[in-house]
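Reader: I have some labels to check against their cut-offs. Can we go through them one at a time?

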Amino acid sequence: MDCIHLPTYSIHFGELPKLSHDGKVLIITNSKIAGLHLNKLLSHFSANEIYCICLQDGEEYKNFNSIETILEAAFNHRLNRNSLMIALGGGVIGDMVGFAAGIFMRGIPYLQIPTTLLSQVDSSVGGKTGINNRFGKNLIGLFNPPKAVYIDTYFLQTLPNREFSAGVAEIIKMAVCFDRDFFTFLQEANLEDTNILKEIIYRAVSIKAKVVLEDEREKGIRAALNYGHTFGHIIERLGNFSEFLHGEAVSIGMIMANTLALKLNLISNEEFTNIKNLLNKFHLPTHYKINNKEAFYSDFFLDKKSLDHKIKFILPNKIGAFVIKDNLPKELLLETLASFE
C-alpha cells in the first residue's frame, strides 16, 4: 500500500487494511453509505465495542443538529479519551466527524475513510473540519487532523456519476494552480481506467499534502486550494446547499475566477477556454445566472477568507501557477459579476 506521511498522520492508498483499536469505536456515516459499505468496514475492523450512527445525507444537514447527534451518541455509549471516531462517507461526514471529535472531551482521535472522489482527493486531507450556517459554508469549525486517512477506490464503484464529476472539479483546481503537466495529463485522461484513476488520485493528494505540509493553518500558499471557492461558496449558500454539489459550485466558481483573471491579463483566452473545456469534459457546470450582482458582491465579505474588509481571490496565473489578489476595486468585481447576469 502506498503511503504519504505528514507530521502527525499518514494517508494510505490501496485496499482498506485490517484495523483495530483497544478502546470503544463510534462509526459515523449516513444511511446510503451504511447500506453500501458499512459491512466492508466492519469486516476490516476489530474492537471490543463498536457502535454506529447514521446521519441524514446532504450538505444541508452539515449543521449543529448533526453535531449534537454525534455528541449524544458519544455520551450515550460512554466514549472517553481512549475512544475513536470513524468518518465513513464523503466530505460532509468527514468534516462533521472531525469537528465533533475535536470538541468531544476537548479532543479524541478519529479516522477518515472517504467514500467519494471529492473527499478522497480533497476534504479528507489537511485537517479542516466544520459545519455550515445561514451566513455561509464552513464558517464554524477547527483545524483537527485525523489519526489516519485510508483511500480505497473500491468505495467509488457505487458513486453516482454526478458525485464523481464533482470530485474531479477539485482535481482540476489543483492542476490549474500547481501543476501544468498534470493539467495536460487530465486533458487526455480516461478516468474509467482504474489504474489511471488511481494515479490521478495519488497525484492530486500529493499536491494537497505538500501544500498542507508547508502551510497547515492556511496563512499563505494553502489559500491557493480555495481557487473557485470564494465564488463557489456563495453559489452553494444561495442554492440552500442543495441545488449544487460542492464540486459543481467550485466548477462555476473557477469560471468566475477565470473571468476575473482574464480581465487582469493573468490568463489568455486560450487558457480560459482550455480550463472550461476540461470542466465540460467531466460534465461539470460552467454557466450560472446571478440575480443581483450587488447582493452577490456583499456576500464576499461573509467568506472566512476575507480580512479587514478585503476580499481574497485566488486566481490562475497562466495554467500551473496562481496569484492572490486582495485589493481589487469594487468596480472590477461588479463588472466581472455582470458577465453572469
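Author: Start with elements: helices (H or I, at least four residues) and strands (E, at least two) are DSSP runs, numbered from the N terminus. By that numbering, F178 sits in helix 5 (residues 161-178). This is a predicted model: local features need pLDDT of at least 70, side-chain atom pairs count only at pLDDT 80 or more, and totals for chains, interfaces and linings use all residues. Residues are numbered from 1 along each chain as its sequence is written, and side-chain values use heavy atoms, with hydrogens and water left out.

Reader: Why is F178 called partly exposed?

Author: Buried means under 20% relative accessible area, exposed over 50%, and partly exposed in between (1.4 Å probe, protein chains only). F178 has 22% relative accessibility, so partly exposed is the label.

Reader: Which residues is F178 in contact with, leaving aside neighbours within four places in sequence?

Author: Contact means heavy atoms within 4.5 Å. With those neighbours set aside, F178 is in contact with I207, V211, I221, A224, L225, G320, A321 and F322. Along the chain, S165 is 13 residues from F178, and their C-alpha atoms are separated by 20 Å.

Reader: What makes H37 buried?

Author: Its relative accessibility is 2%, so H37 counts as buried. H37 belongs to helix 1 (residues 31-43). Beyond four places in sequence, its contacts are L88, T115, Y154, F155 and T158.

Reader: Why is V149 called buried?

Author: The relative accessible area of V149 is 0%, so the label is buried. V149 is in strand 9 (residues 148-151). Not counting residues up to four places away, V149 touches Y9, S10, I11, H12, Q112, P114 and S124.

Reader: Where does UniProt place the feature "binding site"?

Author: The unreviewed UniProt entry places it at E170, H229 and H246. UniProt positions are given in the numbering used here, feature names are shortened, and annotations may be inferred rather than shown by experiment.

Reader: How do you know that these residues cluster in space?

Author: They are spread over 77 residues of sequence, yet the largest C-alpha distance is 10.1 Å.

Reader: What joins the side chains of H246 and E170?

Author: A polar contact of 2.9 Å. A polar contact is a pair of N or O atoms within 3.5 Å; within protein, one must be able to donate a hydrogen and the other to accept it, and residues adjacent in sequence count only if both atoms are side-chain atoms. Leaving aside neighbours within four places, H246 is in contact with L118, K137, E170, H229, H233 and E236.

Reader: Is H246 buried or exposed?

Author: At 15% relative accessibility, H246 is buried. Its place is helix 9 (residues 246-263).

Reader: What makes H229 buried?

Author: H229 has a relative accessible area of 5%, so it is buried. H229 is found in helix 8 (residues 229-238).

Reader: Why is helix 8 called mostly covered?

Author: Of its 10 residues, 8 are buried. These are H229, T230, F231, G232, H233, I234, I235 and E236. The buried residues of helix 8 pack against strand 8 (136-143), helix 5, helix 9, helix 11 (293-299), strand 10 (313-316) and helix 12 (330-338). N240, which follows helix 8, has a positive phi near 55 degrees.

Reader: Is N138 buried or exposed?

Author: Its relative accessible area is 19%, so N138 is buried. N138 is in strand 8. Its phi is positive, near 60 degrees, in a residue other than glycine.

Reader: Is H283 buried or exposed?

Author: H283 has a relative accessible area of 68%, so it is exposed. H283 lies in the loop between helix 10 (269-281) and helix 11. Its phi is also positive, about 60 degrees, although H283 is not a glycine.

Reader: What makes a set of residues a nonpolar core?

Author: A nonpolar core is a set of buried Ala, Val, Leu, Ile, Met, Phe, Trp, Tyr and Cys residues joined through side-chain atoms within 4.5 Å. The largest here has 76 residues, and I11, L117 and F296 have the most contacts inside it. This core draws at least three residues from each of domain 1 (3-156) and domain 2 (199-339). Domain bounds come from an automatic or database domain assignment. A second, separate core of 23 residues includes L26, I67, M85 and F104.
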